[in-house]
Structure formats: C-alpha cells, structure tokens
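Dear colleague,

Please find the structure below, handed over for your use.

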Amino acid sequence: MLDSLRPQVLSILNEKSKSVDTRLGEICELLKSNVPYYDWVGFYFKNGDKQELKLGPYAGAPTDHTIIPFGKGICGQVALSNQNFVVPDVSAQDNYIACSITVKAEIVVPLFVNGENVGQIDIDSNTPDPFTAEDERFLEFINQEVAKIL
C-alpha cells in the first residue's frame, strides 16, 4: 500500500511553482489521508544554530510542541542519534512527550541533507504497534526525496 503512494509523493515534490512548505504540507496530508494508521504526520527541522527542533508543516491535530530541545522526547532523541526510532507503545517510553492521550505509537525518521541531520518526519498513530520495516523504508524514501528540494 505504501509503495503505491511513491508516485504521488514525487509528483508533489516536483511542483516547483509551490513553496517547499506547501509541498511538505501536501505530503503530510497525503500520508494522513491515505494511510489509516497515520493519525498525525509532521516535519520538524533544526532551528538555526540552536540545539532544538522547530515544527514545520504537518497534518493532524494542532500540537503545543512547536519547539523540542535535542534529547527530549522521541524527536529530540532522533536529532542526536541520527537513527530511526520506532515506538510500538508510547506508554512504555520514559522519555516520551505526549501530544495526545489517543496516541499509542510513534515513528520518527531523520532527514539528512549532505550527510547532516537537518530534521525529521514524525508520525503518531492511535493504533498500537502499527509500524513495520516497510514504513521505515517508505519514510526514508520520502526524506531522501525531500532533501533534494531543501
């Protein structure tokens, strides 16, 4: 199912007449609308020279977490580790920032430009343990393509 979205992702990213933020927002909407267990989809980016992430385009309920210090929560940990982080059960994570009581699982995949971790895609799910290696590969693909327009 995820692979069937790849052409649409590429099509959105190739719409050069639209701003980068508009295109990223459209990708968030595409994923949230088409993947039943993607309940919140957003991008976070490194905030200038600060050791923190700033919320970028997203689709889903508004969040108070517009700034996340490196090391805090799943997103903040990925900013330091440079590794994918799949959380099958957020209630089992000590260093978790709850965005919504309905969230059961989270996946965060870092976004690299020229080898530097500049941000990440973050997905919350209200479904327990829904993410597989296929989700990881799909989100890595998205980030590799997004890196080309940043």
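Which residues lie nearest the centre of the largest cavity? They are Ile-68, Ile-74, Cys-75, Ile-97 and Glu-106, among the 13 residues that line this cavity.

Please note that this is a predicted model, in which local features need pLDDT of at least 70 and side-chain atom pairs count only at pLDDT 80 or more, while totals for chains, interfaces and linings use all residues. Residues are numbered from 1 along each chain as its sequence is written, and side-chain values use heavy atoms, with hydrogens and water left out.

The cavity

A cavity is a set of points, on a 1 Å grid over the protein atoms alone, where a 1.4 Å probe fits but cannot get out; lining residues have an atom within 4 Å of a point. Searching the whole structure gives one cavity of 30 Å³ or more. The volume of the largest cavity is about 90 Å³, a volume being the space filled by probe spheres set on the points, which are joined across faces, edges and corners. Helix α3 (residues 73-81) supplies the largest share of the lining, four residues. Helices are DSSP runs (H or I, at least four residues), numbered from the N terminus. By class, the lining has seven nonpolar, three polar and three charged residues. Here Ala, Val, Leu, Ile, Met, Phe, Trp, Tyr, Cys and Pro count as nonpolar, Asp, Glu, Lys and Arg as charged, and the others, Gly among them, as polar.

Helix packing

Helix α2 (residues 20-34) packs against helix α4 (residues 133-147) at about 165°, with the axes 12 Å apart. Axes are lines fitted to C-alpha atoms over the stretch in contact, and angles run from 0 to 180 degrees between N-to-C directions. The two helices, α2 and α4, are therefore roughly antiparallel (over 145 degrees; under 35 counts as roughly parallel). In α2, Leu-24, Ile-27 and Leu-31 meet Phe-138, Leu-139, Ile-142 and Val-146 of α4, where contact means heavy atoms within 4.5 Å. This contact of α2 with α4 has seven nonpolar, no polar and no charged residues.

Helix α1 (residues 6-13) and α4 pack at about 20°, their axes 10 Å apart, and α1 and α4 are therefore roughly parallel. The contact of α1 with α4 has seven nonpolar, no polar and three charged residues.

The axes of α1 and α2 come within 9 Å and cross at roughly 160°, which makes α1 roughly antiparallel to α2.

Yours sincerely

Note on methods: On a 1 Å grid over the protein atoms alone, a cavity is a set of points where a 1.4 Å probe fits but cannot get out, and a pocket is an open set with protein on both sides within 12 Å along at least five of seven lines; lining residues have an atom within 4 Å of a point. Angles under 35 degrees count as roughly parallel, over 145 as roughly antiparallel, 65 to 115 as roughly perpendicular and the rest as oblique.
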